[in-house]
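Biologist: I'm new to this one. Could you walk me through it?

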Amino acid sequence: GFRRRGKNRVNRDKVVFPEIQAAPRHEDIRFECVGNKKSYMVAGLQPGTQYFYDVFVVNTLTNRSAAYSGGRLETKQHRRRTRLKEGKVTTATVKRSKGQAYTVKVDDAQPSLRITVLSCTGEGSVKISRDGDVVTQESRIKSLWDVVLTNLTEGEYQLAVRSKNKRPSTFKILSTANPAKY
């Protein structure tokens, strides 16, 4: 509902409306048509937020428009990333469609990082990034993948593991800021 300023109902002209976000720009909406199915994708939506939408159709020849009934959608929450513990092996069972995300913290005292991924069942891929920029990736892991990253800047790095199989795959992941120890 809407809140009214003041205690009296006399000031009806001072209705406070909830904050309304601007509609997405035209370039943020993508249209896709496959066969007889159509879908629209909107960029820039916030996770865990409820949105209401209306659909209008415009005939460009006559400039007439018609409105369809609107709808409601709620975007999903971001999946939480699990923090990898220093020198501890983590077991991940990963589905093809979802993947699994982890974070690793790097500080100035130890600017290097060793990541080892062992594929126990199936084939997978790994991507390490920071602030959306890919640091390194391997698109095909069948058994063991080991990488030592040096001269890293302080911060959180993201590790994404995906299965390439139809069935879930299991991986063992080791992360350490002391590569010489392992």
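Predicted model: local features only at pLDDT ≥ 70, side-chain atom pairs only at ≥ 80, totals over all residues.

Biologist: Sheet first, then. What's the strand order in the open sheet of five strands?

Modeller: The order runs β7-β9-β14-β11-β12, and the pairing is mixed. At the edges sit β7 (82-83) and β12 (133-141), each pairing on one side only.

Biologist: How do β11 and β14 pair, parallel or antiparallel?

Modeller: Antiparallel, over six bridges, with β11 covering residues 124-130 and β14 covering 155-163. One detail there: Lys 127 has Ala 160 in β14 as its bridge partner.

Biologist: New topic. How many salt bridges are there?

Modeller: The count is four. One of them joins Arg 83 and Glu 156, whose closest N and O atoms are 2.5 Å apart. That pair links distant parts of the chain, since Arg 83 is in strand β7 and Glu 156 in strand β14, 73 residues apart.

Biologist: Is Arg 83 buried or partly exposed, and why?

Modeller: Partly exposed, because its relative accessibility is 43%, and buried would need under 20%.

Biologist: What about the salt bridge between Arg 114 and Asp 146, how far is N to O?

Modeller: That one is 3.2 Å. Arg 114 lies in strand β10 and Asp 146 in strand β13, so the pair ties together parts 32 residues apart in sequence. Arg 114 is buried at 15% relative accessible area, while Asp 146 is partly exposed at 38%.

Biologist: And the loop, where is Pro 47?

Modeller: Pro 47 is in the loop between β4 (37-42) and β5 (50-59). Its C-alpha is 5.5 Å from that of Lys 76, 29 residues apart along the chain.

Notes: Residues numbered from 1 in each chain as written. Heavy atoms only, no water. Pairing = 2+ DSSP bridges. Helix = DSSP H or I, 4+ residues; strand = E, 2+ residues; numbered from the N terminus. Salt bridge = Lys/Arg side-chain N within 4 Å of Asp/Glu carboxyl O. Buried < 20%, exposed > 50% of the residue type's maximum accessible area, 1.4 Å probe, protein only.
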